[in-house]
Structure formats: C-alpha cells, structure tokens
Amino acid sequence: MRFSVFQISRKGGREKNEDRVGYSYTRHSGLFAVADGMGGHPEGEVAAQLALQTMAGRFQREARPRIDEPQAFLHEAIIAGHHQLQNYGERKSMRDTPRTTMVACVLQDRDAFWAHCGDSRLYLIRDGRLFVRTRDHSMAELEQAKPPAMRSERFNRNVLFTCLGSPGMPVVDFAGPVALQPRDRLLLCSDGLWGTVGDVRLVQEMSDDAIDRALPRLVELALRNGGARSDNVTALAVEWEAADSREGDTVSGDAEFDQEETIPAVLKRDLLQPRS
C-alpha cells in the first residue's frame with residue numbers, strides 16, 4: 001500500500017483528553033480509528049481506549065496480511081468493543097458504564113471500508129471537494145434529514161441516540177468498498193473538530209496543503225473557534241497514494257493511542273515503525 005498519514009490530539013479547554021486515535025497496518029491492509037469518550041458518563045478516556053485496543057487486537061490477529069471481509073471485521077470489532085465496555089462496568093460494579101463514539105476505516109486493495117457509531121466522523125475529500133461524509137447518530141442529524149417545514153427547533157442538538165457502552169446494542173453504519181483514487185484524502189475526527197469548523201472550511205483546509213501541515217492548522221482553528229472551554233480535538237488524516245510515498249517493508253504495527261497534548265505521528269515515504 002502507498003499512503004501517508006498524520007494524526008494529532010489536543011486536550012483543548014477540558015481537564016483531560018478523553019479522545020483516542022490510532023492505526024495499525026500490514027503491507028496490504030491498514031486500520032485507522034478515532035474514538036471519543038463521552039462526557040456525562042464515567043471514565044470516557046477508558047471507554048475510548050478500550051474500544052480502540054479491542055479493534056487493534058482483532059486487526060493484528062486477522063490481517064494475515066489482508067482482512068477477509070472488511071465490513072464484517074469492522075462490525076464485529078465495534079461490537080466486541082461495546083461488550084468490553086459493558087464487562088468493564090460490571091467488573092467495577094459501576095452504576096453507569098463508560099461510553100464512547102467511534103469511527104474506523106480499513107484500507108485494502110485500493111478500496112476503503114468504514115463504519116461509525118455516534119458522531120465521530122469520516123470525510124472523504126477528492127479533488128478539493130467533499131466526496132462523502134458519515135452521518136451522525138444524533139438528534140441534530142435526524143432533524144436535518146427532515147424537510148425544512150417539518151424540522152423542530154426544540155431538541156437537544158448534543159443528544160446521541162447510540163454509542164458503545166450503552167445498555168442496548170449500538171447502531172453501526174457501514175460504507176464500502178469505495179474505490180480510492182490517487183491523492184484522495186480521508187479525515188477521521190471527533191466532534192471537537194467538526195463542531196466548530198464547518199464542512200466547507202474543513203474541506204478547504206484539508207485540500208490546500210500536505211496533510212502534515214494542513215491538519216495541525218485545522219486543529220488549531222477548531223481550538224480557537226471553541227474558545228477557552230474548547231472540547232478535545234482529535235483527527236487522523238490519510239492521503240492515498242501520495243506523490244511522495246512509496247511502499248516500505250512489510251510491517252504490522254501496534255495501534256497508537258493519543259494521550260498527550262500533541263501527538264506528532266506522521267507516516268511519509270516509508271511505513272512508520274511502531275513507536276516504543
């Protein structure tokens with residue numbers, strides 16, 4: 001595979017960073033994911049990390065070196081993460097289980113497959129335009145889908161109707177295979193990014209420069225727009241068949257989880273060796 005990737009996570013104005021981001025790959029398959037631990041529930045950072053660890057572990061077991069059925073893999077891995085959160089809550093006798101949203105993408109054989117639960121998003125940008133983005137599992141998204149005359153102004157725009165760790169089974173939406181073209185860019189992010197930057201500006205910023213320069217600027221913009229009480233802002237960008245990328249050695253790397261203010265994880269020219 002030939003791609004470049006850059007990821008970054010910032011705490012913003014919150015006491016701690018409850019977002020997690022990571023990727024794992026072999027020579028022929030790559031997994032990229034973002035999870036956003038939900039405020040209002042305990043241990044959001046644990047929820048996000050458990051969800052990503054569960055998915056990464058399954059990827060490293062099953063990518064030999066390809067995933068046989070990427071859509072089935074994504075579904076099973078997300079549901080497995082959901083059960084891990086429920087089991088965690090039961091072991092600790094918690095009244096409320098840690099919860100998280102999640103978006104994940106598998107790149108394989110020049111195709112992209114993705115799945116999401118909640119309001120963490122994936123954007124596919126092609127030739128400087130928004131080609132597709134995921135639709136949030138939120139009251140706000142449901143209202144936007146209605147004809148204008150039927151929309152209500154009296155609803156909580158922050159309410160999600162599904163997530164990992166909730167009492168019921170999560171709703172998971174899927175897409176793929178989507179054939180990728182050279183220079184296609186995929187952006188996975190938490191709502192801390194898209195919540196303060198509109199889609200038009202987001203696509204513009206992600207189209208104007210190399211991803212390792214564009215993404216930090218976009219994150220800083222989201223933090224400025226969010227102000228002193230900005231949410232955690234986390235994003236991962238992948239450019240497919242970037243002009244300066246080439247195939248590297250066969251590597252299977254552990255997923256990396258962002259816990260610091262800034263994570264300078266960049267993959268260009270060669271497959272990045274896992275960070276120790």
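Author: A search of the whole structure finds 18 salt bridges. A salt bridge here is a side-chain nitrogen of Lys or Arg within 4 Å of a carboxyl oxygen of Asp or Glu. The model is predicted, so to speak for its limits: local features need pLDDT of at least 70, side-chain atom pairs count only at pLDDT 80 or more, and totals for chains, interfaces and linings use all residues. Numbering starts from 1 along each chain as its sequence is written, and side-chain values use heavy atoms, with hydrogens and water left out.

Take E220 and R10. They form a salt bridge, with the closest N and O atoms 2.3 Å apart. E220 lies in helix α6 and R10 in strand β1 (residues 3-10), so the pair ties together parts that are 210 residues apart in sequence. Helices (H or I, at least four residues) and strands (E, at least two) are DSSP runs, numbered from the N terminus. How exposed or buried are the two partners? R10 is buried, with a relative accessible area of 18%. E220 is partly exposed at 32% relative accessibility. Buried means under 20% relative accessible area, exposed over 50%, and partly exposed in between (1.4 Å probe, protein chains only).

Next, D109 and R66. Their side chains meet in a salt bridge of 2.8 Å, N to O. D109 lies in the loop between β4 and β5, and R66 in the loop between α1 and α2, so this pair ties together parts that are 43 residues apart in sequence. Both ends are partly exposed: D109 at 44% relative accessibility, R66 at 35%.

Now a local case. E205 forms a salt bridge with R201, and the closest N and O atoms are 2.9 Å apart. Both lie in helix α5, four residues apart, about one turn of the helix. E205 counts as buried at 13% relative accessibility. R201 counts as partly exposed at 38%.

There is also a network. Salt bridges link R121, R133, D136 and D199.

Back to α5 (residues 199-207). Its buried residues are L202, V203, E205 and M206. They cover an arc of only 165° around the axis, which puts them on the same side of α5. The arc is that of the directions from the helix axis to the C-beta atoms. What covers these buried residues? The cover includes β6, β7 (129-133), β9, α4 (191-194), α6 (211-226) and β10. Contact means heavy atoms within 4.5 Å.

One of those covering elements is β9. This strand (residues 185-189) is mostly covered: five of its five residues are buried. R185, L187 and C189 point one way, L186 and L188 the other, and all are buried. In a regular strand the side chains alternate between the two faces of the sheet.

Who pairs with β9? Strand β6 (residues 121-126) runs antiparallel to β9 and is joined to it by five bridges. Strands pair if DSSP finds at least two bridges between them. L124 has L186 as its bridge partner in β9. β10 is also antiparallel to β9, again with five bridges. There, L187 stands opposite A237.

Past β10 comes a loop. E241 sits in the loop between β10 (233-240) and β11 (265-267). E241 is buried, with a relative accessible area of 11%. A polar contact of 2.2 Å joins the side chains of E241 and R110. Such a contact is a pair of N or O atoms within 3.5 Å; within protein, one must be able to donate a hydrogen and the other to accept it, and residues adjacent in sequence count only if both atoms are side-chain atoms. Setting aside neighbours within four places in sequence, E241 is in contact with R2, F3, R110, P182 and R183.

Last, the nonpolar core. The largest one has 27 residues. L31, M55, F73, L74, I78, M102 and L164 have the most contacts inside it. Elements giving two or more residues to this core are β3 (29-37), α1 (44-62), α2 (70-91), β4 (100-108) and β5 (111-117). A nonpolar core is a set of buried Ala, Val, Leu, Ile, Met, Phe, Trp, Tyr and Cys residues joined through side-chain atoms within 4.5 Å. Take I78. Leaving aside neighbours within four places in sequence, I78 is in contact with M55, M102, A115, L164 and V172.
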